[in-house]
2 protein chains.
Amino acid sequence: MASFAIMGFGTVGSGVAEVLRMNADPIAEKLGEPLSLKYILDVRDLSATPYADVAVKDFAVLENDPALDVVVESIGGAKVALEFTRRALMAGKHVVTSNKELVAAHGKELLAIAREKNVNYLFEASVGGGIPVLRPLFQCLAGNRIEEIVGILNGTTNYILTRMVKGGIPFDEALKEAQAKGYAEQNPAADVEGLDAGRKICILSDLAWGKEVLPEKITTQGISGLDLKDVAIASAAGYRVKLLGRALKLADGRQAAYVAPHLVPESCPVAGVDDVFNAIMIRGNAVGDVMFYGRGAGDLPTASAVMGDIIDALQHRSKRRDLGWSESAELAGLDELSMPWYLRGGSALTAIGCKVLSESDGAFLTGSMSAKEAKALAEKLGAAALLPVLQ
Amino acid sequence: MASFAIMGFGTVGSGVAEVLRMNADPIAEKLGEPLSLKYILDVRDLSATPYADVAVKDFAVLENDPALDVVVESIGGAKVALEFTRRALMAGKHVVTSNKELVAAHGKELLAIAREKNVNYLFEASVGGGIPVLRPLFQCLAGNRIEEIVGILNGTTNYILTRMVKGGIPFDEALKEAQAKGYAEQNPAADVEGLDAGRKICILSDLAWGKEVLPEKITTQGISGLDLKDVAIASAAGYRVKLLGRALKLADGRQAAYVAPHLVPESCPVAGVDDVFNAIMIRGNAVGDVMFYGRGAGDLPTASAVMGDIIDALQHRSKRRDLGWSESAELAGLDELSMPWYLRGGSALTAIGCKVLSESDGAFLTGSMSAKEAKALAEKLGAAALLPVLQ
């Protein structure tokens, strides 16, 4: 009998319990033994739930149970979650999490503890919800040099953008609609300002190139300042506006990562990914472009990824997955990256190589230039909007 | 120093050697030791190539080298490849392959030998070329009950269909174009008649539900009989015609698998997958729909998947992946499956629940009905075309 505990019985934690209830048989078949939910650690009173007999309030119960194999951390945040994850790993438990904030900020340290204790710290659910992407990246694509990762990493903002593009409604209204549907929180800052997508692109970078990229080191631009006018001009010209996390390996060996709304040509598979769906495109030097698509959030999809990790941890009980990242990556800033740009409101469209999208609005695409040059051009022309274009 | 051999130095075999040449450093970093290509077994004379010093003509050299860890089988077919795979596994070598014909027909036996010898038999490259899909299916989605798998599994036919849909050219011409571009072989039967897609949907079924589905047991309809007229009517009505492999788990516990051209609504992510690209959509009861997209063929993409498996096999040298399928699945025939159908040439569109696509051509979609009922209806109406519709 393999056993695990859930710490934090919110959306993800209760989803994991539900997935075990739904799929106990196939899970036991995969493991060759039944999987038992031994403890649920939560400050809430669970005595009126079907989980009353496994509810505990003291972390030490988990920590001191030598027969407990795996701990799921679905507390969220980077305070209690950090302390309990450290202690669980130190106590020789495998830890599985969906907590992108913790992994992005403290993954390096936690993976080092896991290595020392010969246990697994796994976090497939931290990026793309239920979409398998981290394991394919570090395992199936292990024979590649990863060149670039581009993803729609946040379902809330993708829903809002889809409503702006297809419904023609402005940001504020679309946000209210997302809140009413439960897709956006009452304080939506982490989503709409791109912080959530930033944490996820950092985790993808960490795994792709083995060097730490901290969220606070990268440029993060959200969608709250996005004008419906630009969304409409882009649509009419065959582009969709998408909030993308993007990470690249540069020719000089440095890396770059940032989050910003981009114009994406309709021919790119990422352009058609709508509503709360996520998609991550990875470019390897052997495989070319591969894309992973699915629900990037929600209780059961996220719990699906957590359960996959629990099974993997138990199958590798005696052998740790060789996973981790080391010293800080040497980062190039967004100002150094070259790409085409969308500008609106330029008074004189004289730049060579520009493609006019709307004559009346003075909206056009520049040739490839650095963010620094694009900003200078926008300022010179008195432009009202400046957005990068995905090539 | 870890070492491997390549058996069969054609497109895939030479691609694997090239990926090692391109990416030796990151591969060694993943493995913690360099990876050495120790032998290439091929009947061709390789003395004028850079691989002259590793070329061998006698399989026994590989079989009898106790220091050889992994053998890549890229011979193709199910004769010599079967014998050498059996013997390599018996000799305690891990075997990695892209050979869908062999895996679909003899995977059960070969995985049983691998289990007995505690080595790995891995075949990520056999489905979807470079796209990570088998490992995500059996590992990342291990916490799900898999409900359905639908995929564009053959790049050649997807290229031909894309030309028919977007170029408006008939099948014969599109096939000639594909042959001229090297996408289709001179004898294109295995691709255009759906046999290749059939082998792949069988492998996906085998892994999803752990029971053997042999290609000769499933209905396989290709695209050679497809009329451009139906492709055009479907396009005008918001559907794309795609050759899909489809596998399902029925409510009564039986399974079904088949290959046929389908009408796919444009809103389905699979509809937008064009040219030689492949995409596989998997539905799990927790995760919902996830999709995997990329190049389904080609030397380097396929070699990317082979190299991922080599690295995995070496990382699991002492522990076999628990992979395999057992007795034959109980199969329901296509005649028992219910879905909507596209009919053209019906003389009287009186059926309730039908959706007219083209009045002048007598083309319409039926409500959900079994293939048997649809065939009877088509016969009764004297219909000129009958195709399933993906819901």
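Here are some friendly notes on this predicted two-chain model, point by point.

1. A word on conventions before the details. Residues are numbered from 1 along each chain as its sequence is written, chains are lettered from A and ligands numbered from 1 in the order in which they are written, and side-chain values use heavy atoms, with hydrogens and water left out. As this is a predicted model, local features need pLDDT of at least 70 and side-chain atom pairs count only at pLDDT 80 or more, while totals for chains, interfaces and linings use all residues.

2. Start with the symmetry. Chain A superposes on chain B by a rotation of 180° with 0.0 Å of shift along its axis, at an RMSD of 0.0 Å (least squares on the C-alpha atoms of residues with pLDDT of at least 70 in both copies). This is the relation of a two-fold axis. In chain A, the C-alpha nearest that axis belongs to A:Phe292, 2.5 Å away.

3. Strands (E, at least two residues) and helices (H or I, at least four) are DSSP runs numbered from the N terminus, and two strands pair if DSSP finds at least two bridges between them.

4. Strand E5 (residues 94–97) of chain B is worth a look. B:His94 and B:Val96 on one side, and B:Val95 and B:Thr97 on the other, are all buried (under 20% relative accessible area; exposed is over 50% and partly exposed in between, with a 1.4 Å probe and protein chains only). Four bridges join E5(B) in parallel to E4 (residues 70–73) of chain B, and B:Glu73 has B:Thr97 as its bridge partner. The β-α-β crossover from E4(B) through helix H3 (residues 80–90) to E5(B) is right-handed, meaning that the path from first strand over helix to second runs clockwise with the strands pointing away from the viewer.

5. Finally, the charged pairs. The structure holds 52 salt bridges over all chains (a side-chain nitrogen of Lys or Arg within 4 Å of a carboxyl oxygen of Asp or Glu), yet the count between chain A and chain B is zero. B:Glu83 and B:Arg87 form one at 2.7 Å, N to O; they are four residues apart in helix H3 of chain B, so about one helical turn separates them. Another joins B:Asp274 and B:Lys166, with closest N and O atoms 2.8 Å apart. B:Asp274 sits in the loop between E11 (255–265) and E12 (277–284) and B:Lys166 in helix H6 (residues 155–167), so this pair ties together parts 108 residues apart in sequence. B:Asp274 is buried at 12% relative accessible area, whereas B:Lys166 is exposed at 54%.
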